[in-house]
Amino acid sequence: MPENQQQSTFAPFLLSTPQHSVRAHGAMQQVDATEALAVARQRGSGVVGLVPFHPDRPAQLMVPEHLEISAPLAGKETQLPQPDSVEGIDNPDFRAAVAAAVARMNDGELDKVVLSRLLCAHYGQGAPAPREIFNNLLVQQPRAYVFSAKLPGSDSYLMGASPELVFSTENSEFTTFPLAGTAAREAEIGSTDDAQIGEELMRSPKDRAEHSTVVDDIRTRLLPLCEDIAVPAVPQLVATPQLWHLGTKITGRLSEGLSSLDGARAIHPTPAICGFPGDRALKLIEELEDFDRGFFGGLVGWMDSRGNGEWALVLRCAEISSTTATLFAGAGIIAASTPAGEHAETGNKFGSFGKALGITTR
Ligand SMILES: C=C(O[C@@H]1C=C(C(=O)O)C=C[C@H]1O)C(=O)O
């Protein structure tokens with residue numbers, strides 16, 4: 001099948017987690033957040049979609065004709081053709097932005113900001129088919145929220161393998177599992193050295209400070225919306241095939257009448273992807289980043305007609321057009337951050353999507 005036909009038959013929305021997969025079929029009705037559940041109920045379906053990073057921008061939510069929930073999707077790994085060039089491996093502007101952010105923190109303006117950058121792979125002969133990239137992600141990132149969504153008004157797809165759950169509910173029980181604090185798994189996976197890198201991350205004052213800023217803010221924002229909440233005092237180590245993260249699994253009971261999307265939007269964007277205080281971090285991101293995040297750093301997910309579902313952070317992702325793959329990666333900056341360190345961290349984060357494409361990212 002010619003590549004463009006293959007792209008057009010790829011599902012408009014797919015999400016596969018270690019527990020199940022969610023696939024949208026048939027015509028998609030665009031809805032706004034206030035009417036989404038009523039429409040889903042009326043059509044005997046659910047809601048799928050994306051919420052942008054910027055809290056003031058409209059969400060891209062759909063009620064599909066059918067919503068199929070089944071077993072996790074299995075992929076098949078393929079080696080993809082190499083791009084002609086990759087732009088952004090070294091990004092001096094990003095290092096300068098980190099230095100500027102650190103100066104603002106030393107002036108007492110804010111505690112944390114997440115700054116991100118792009119890596120663009122150019123394919124003169126046409127980018128690999130979204131289906132093939134998606135299959136590689138499924139095989140390579142088996143514990144992630146692997147997602148693909150067709151972007152509104154274009155032939156491009158946003159896809160990725162996110163390790164981070166922003167909010168899920170099952171009846172009124174909720175879970176949010178923020179990650180913040182990162183180390184590259186540079187030693188052989190499962191070796192003593194690998195474990196030691198994780199332990200060092202657990203003991204790192206810089207990463208623990210970055211992490212508690214996130215957990216404290218999420219607790220503050222959720223308290224008015226829930227009946228009870230349990231926040232572990234100490235984070236745990238969370239592994240992806242490429243990285244160690246600090247993570248805290250927060251659980252509780254949401255007040256009656258609130259959906260999984262209500263919960264997710266109450267804490268989005270968390271300081272794991274924006275910063276603290278949120279309004280100052282958002283302004284600084286707009287000042288220091290030279291591109292529009294769009295859905296990067298937003299939410300991707302689904303819910304059933306009763307509002308139960310799950311919303312993951314749009315991370316470790318790329319936008320795939322007919323001739324390019326644009327990868328996104330960010331890192332939490334605090335006063336103790338260094339430009340070279342955060343540049344290396346974002347290079348490592350590109351690596352998870354980079355593996356699916358078979359490209360070097362640092
Ligand atoms: C911003 C990204 O990741 C986020 C930032 C992290 C950090 O700064 O340590 C860790 C996990 C994510 O919350 C990304 O992957 O692009």
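Modeller: Before we start: helices (H or I, at least four residues) and strands (E, at least two) are DSSP runs, counted from the N terminus. What you're looking at is a predicted model, where local features need pLDDT of at least 70 and side-chain atom pairs count only at pLDDT 80 or more, while totals for chains, interfaces and linings use all residues. Residues are numbered from 1 along each chain, as its sequence is written.

Colleague: Which strands each supply at least two residues of the shell around the ligand?

Modeller: A residue belongs near a molecule if its C-beta atom, placed from the backbone, lies within 6 Å of it. Here, strand 6 (112-122), strand 11 (179-184) and strand 20 (324-333) each give at least two. The ligand is surrounded by 17 residues, the closest being L179, T182, A272, G330 and G332.

Colleague: How do I read strand 17, and how many of its residues are buried?

Modeller: Buried means 20 or more other C-beta atoms within 10 Å of a residue's own, exposed means 12 or fewer, and partly exposed is in between, with C-beta atoms placed from the backbone. In strand 17 (residues 299-303), 5 of the 5 residues are buried, so the strand is largely enclosed by the rest of the structure. In a regular strand, side chains alternate between the two faces of the sheet. In this one, L299, G301 and M303 point one way, V300 and W302 the other.

Colleague: And what does strand 17 pair with?

Modeller: Two strands pair if DSSP finds at least two bridges between them. Strand 3 (residues 47-51) runs antiparallel to strand 17 over 5 bridges, with V47 bridged to M303. On strand 18 (residues 309-313), also antiparallel over 5 bridges, A312 is the bridge partner of V300. Strands 17 and 18 make a hairpin with 5 residues between them, and G307 in the turn has a positive phi of about 95°.

Colleague: Which residues other than glycine have a positive phi?

Modeller: Most residues other than glycine have a negative phi, and most peptide bonds are trans. N171, with phi near 55°, sits in the loop between strand 9 (165-170) and strand 10 (173-177). R316, with phi near 50°, is in the loop between strand 18 and strand 19 (317-320).

Colleague: Is each of those buried or exposed?

Modeller: N171 is exposed, because 10 other C-beta atoms lie within 10 Å. R316 is buried, because it has 29.

Colleague: Where are the cis peptide bonds?

Modeller: One runs from H268 to P269, omega near -10°, and P269 lies in the loop between helix 7 (260-267) and strand 16 (275-276). Another links F276 to P277, also with omega near -10°; P277 is in the loop between strand 16 and helix 8 (278-288).
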